[in-house]
Amino acid sequence: MQQLFLKPLSVLMASLIVALVFSSSLMAAGKEGSAAELASLLQSYETYQADFIQIVVNESGSKVQESRGSLKAKRPGLFYWETRAPLSQFIVSNGESVEVYDPDLEQVTVHSLDDRVQTTPALLLSGEVDNLEETYRVSGRQLSDDTREFTLEPKSEDSLFVSLRLTFFKNELQEMRMQDSLSQLSVLSFDHIRLNDTVDNSVFTLEYPEGVDVIGDEG
């Protein structure tokens, strides 16, 4: 059960990174205050690569699961996320669609990026959002000379998450904390961060064995 829970949550967290870090609409959003400051920080990201540790904590404070992996992202909309065994999973976006490959299920699910923007509150930042503050309450605070924190709280009661906290150290995204509607907390910590290194587009092609079931939702 833990494995089945963690995998959809990983998709949500990966989608949030695509939306937040590599969305052109975010760069135009929020003309003043914390929203504008957040957009300014992210605007300089052409590529982002990192290793990550993801920890999921339940309402009572007990750790539900821990997973490790790596990600690569490139503007606009190119994304590669790999979670290592025993919870192996691959999430890849080519800017037009998102593919999720679960090796243990021998299954690939393909989503139209436009469809996901329309149906997933977590992806509103990469959809038709003229002003970030119309959808989220955005606040920021300085933790130290080098550390800045931003909190996004969806205004819609239908959102899949209650709050999202982003922590930057020397302008690098270091951590994401997402509280979901079930009072579970997912903490995504990044290490070995590489900003704006060259990343070939071929990285963002998902490879999987023949015979894997491919499920699409693109009509």
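Reader: Where in the chain is confidence lowest, and where is it highest?

Author: Good place to start! This is a predicted model, where local features need pLDDT of at least 70, side-chain atom pairs count only at pLDDT 80 or more, and totals for chains, interfaces and linings use all residues. Residues are numbered from 1 along each chain as its sequence is written, and side-chain values use heavy atoms, leaving out hydrogens and water. The predictor's confidence in each residue, pLDDT, runs from 0 to 100. Confidence is lowest in helix α4 (residues 113–119), at a mean of 46, and highest in strand β11 (residues 185–195), at 93. Helices (H or I, at least four residues) and strands (E, at least two) are DSSP runs, numbered from the N terminus. Where pLDDT is low, the predicted coordinates should not be read in detail.

Reader: Which residues of helix α3 are buried?

Author: An α-helix has 3.6 residues a turn, so residues three or four places apart point the same way. In α3 (residues 33–43), Ser 34, Ala 35, Leu 38, Ala 39, Leu 41 and Leu 42 are buried (under 20% relative accessible area, with exposed over 50% and partly exposed in between; 1.4 Å probe, protein chains only). They sit on the same side of α3 because they cover an arc of only 160° around the axis, taken from the directions from the helix axis to the C-beta atoms.

Reader: And how many aromatic pairs are there?

Author: Rings of Phe, Tyr and Trp (its six-membered ring) pair if their centres lie within 6.5 Å; planes under 30 degrees apart count as stacked, over 60 as edge-to-face and the rest as tilted. That gives eight aromatic pairs. Tyr 45 and Tyr 48 are stacked, because their ring centres are 5.8 Å apart and their planes at 20°. Ring pairs also link Tyr 80, Phe 90, Tyr 101 and Tyr 208 into a cluster.
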